[in-house]
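Q: I have just opened this one and would like someone to walk me through it. Could we start with a single detail and work outwards?

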Amino acid sequence: MRKSGILNPALASAVARLGHTDTFVIADCGLPIPQDVTVIDLTLTFGIPSFGDTLSALLAEVVVEAATIADATPPEVRTLLPSIPLTEISHEELKHQVADASFVVRTGSTTPFSNVIFRSGVPF
């Protein structure tokens with residue numbers, strides 16, 4: 001049994017496999033996800049877990065060098081990313097880029113357009 005960090009086995013395993021420049025997505029519960037992309041579905045009920053709680057847990061474990069957001073991303077999500085360099089694209093383009101992600105973490109967030117693509121960095 002782990003003492004701390006991400007306890008979900010599928011998510012812990014996916015994080016451990018990330019390499020430099022690999023991407024992963026934290027998504028609201030409504031983002032369409034291509035069939036061939038691994039989905040780690042954390043949804044329990046609407047709102048649980050929240051986008052912010054999921055983001056906090058992942059940022060404690062993963063080095064992120066940049067992120068991509070949609071032009072429709074709400075301010076409450078943008079404020080959770082103050083020190084991460086952001087690229088802004090259309091929501092349609094973001095949905096296309098999800099297909100290249102190593103995995104998608106589906107949250108219970110019901111805030112529309114709460115979807116961010118993160119690019120892994122290195123700690124050195």
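Q: How does E61 count by its relative accessibility?
A: This is a predicted model, and in it E61 counts as partly exposed, with a relative accessibility of 33%.

Q: Which residue does E61 form a salt bridge with?
A: The partner of E61 is R2, and the closest N and O atoms of the two are 4.0 Å apart. R2 is itself partly exposed, at a relative accessible area of 44%.

Q: How many salt bridges does a search of the whole structure find?
A: The search finds 5 salt bridges. Among them is the one between E65 and R119, where the closest N and O atoms are 2.7 Å apart. E65 lies in strand β3 and R119 in strand β6, so this pair ties together parts that are 54 residues apart in sequence.

Q: What about K95 and E92, how do their side chains meet?
A: They meet in a salt bridge, with 3.0 Å from N to O. Both residues lie in helix α4, which covers residues 91-97, and they are 3 residues apart, about one turn of the helix. K95 is partly exposed, with a relative accessible area of 25%, and E92 is partly exposed as well, with 45%.

Q: Let me step back then. What does the secondary structure of the chain come to?
A: The chain has 4 helices and 6 strands, and from the N terminus on these elements follow one another as α-β-β-α-β-α-β-α-β-β.

Q: In what order do the 6 strands form the sheet?
A: The order is β2-β5-β1-β6-β3-β4, in an open sheet whose pairing is mixed. β2, at residues 38-41, and β4, at residues 86-89, stand at the edges with a single partner strand each, so one side of each has no neighbour in the sheet. From one strand to the next the twist averages 20°.

Q: In which sense do β3 and β4 pair?
A: Strand β3, made of residues 64-70, pairs with β4 in the parallel sense, over 4 bridges. To give one example of the partners, A67 has L86 in β4 as its bridge partner.

Q: Which strands does helix α1 touch?
A: Helix α1, residues 9-16, packs on the sheet and touches β2 and β5, the latter being residues 103-106, and the direction of the helix makes about 145° with that of β5.

Q: And which strands does helix α2 lie across?
A: Helix α2, residues 51-59, lies across β1 (23-27), β3, β5 and β6 (116-120), and it runs at about 155° to β1.

Q: Since β1 came up, is T23 buried or exposed?
A: T23, which lies in strand β1, counts as buried, because its relative accessibility is 18% and the cut-off for buried is under 20%. Leaving aside residues up to four places away in sequence, T23 touches D100, A101, S102, F103, I117, F118 and R119.

Q: What about L7, buried or exposed?
A: L7 counts as exposed, at 53% relative accessibility, and its place is in the segment before α1. L7 and S56 are 49 residues apart in sequence, and their C-alpha atoms are 14 Å apart in space.

Q: Last topic, the chain as a whole: how does its radius of gyration agree with a compact globule?
A: A compact globule of 124 residues would have a radius of gyration near 14 Å, and the 13 Å of the chain agrees with that. Along its principal axes the C-alpha trace spans about 40 × 35 × 30 Å.

Q: And what share of the residues is buried?
A: Buried residues make up 41% of the 124 residues. The chain exposes about 6700 Å², of which carbon and sulfur atoms supply 55%. As for contacts between residues at least 6 apart in sequence, 80% of them join residues at least 24 apart.

Key. Residues are numbered from 1 along each chain as its sequence is written. This is a predicted model: local features need pLDDT of at least 70, side-chain atom pairs count only at pLDDT 80 or more; totals for chains, interfaces and linings use all residues. Side-chain values use heavy atoms; hydrogens and water are left out. Two strands pair if DSSP finds at least two bridges between them. Helices (H or I, at least four residues) and strands (E, at least two) are DSSP runs, numbered from the N terminus. Axes are lines fitted to C-alpha atoms, for helices over the stretch in contact, and angles run from 0 to 180 degrees between N-to-C directions. Contact means heavy atoms within 4.5 Å. Buried means under 20% relative accessible area, exposed over 50%, partly exposed in between (1.4 Å probe, protein chains only). The radius of gyration is taken over C-alpha atoms; the globule rule is 2.2 Å times the number of residues to the power 0.38. Accessible areas come from the Shrake-Rupley method with a 1.4 Å probe; for residues, only the protein chains shown count as cover.
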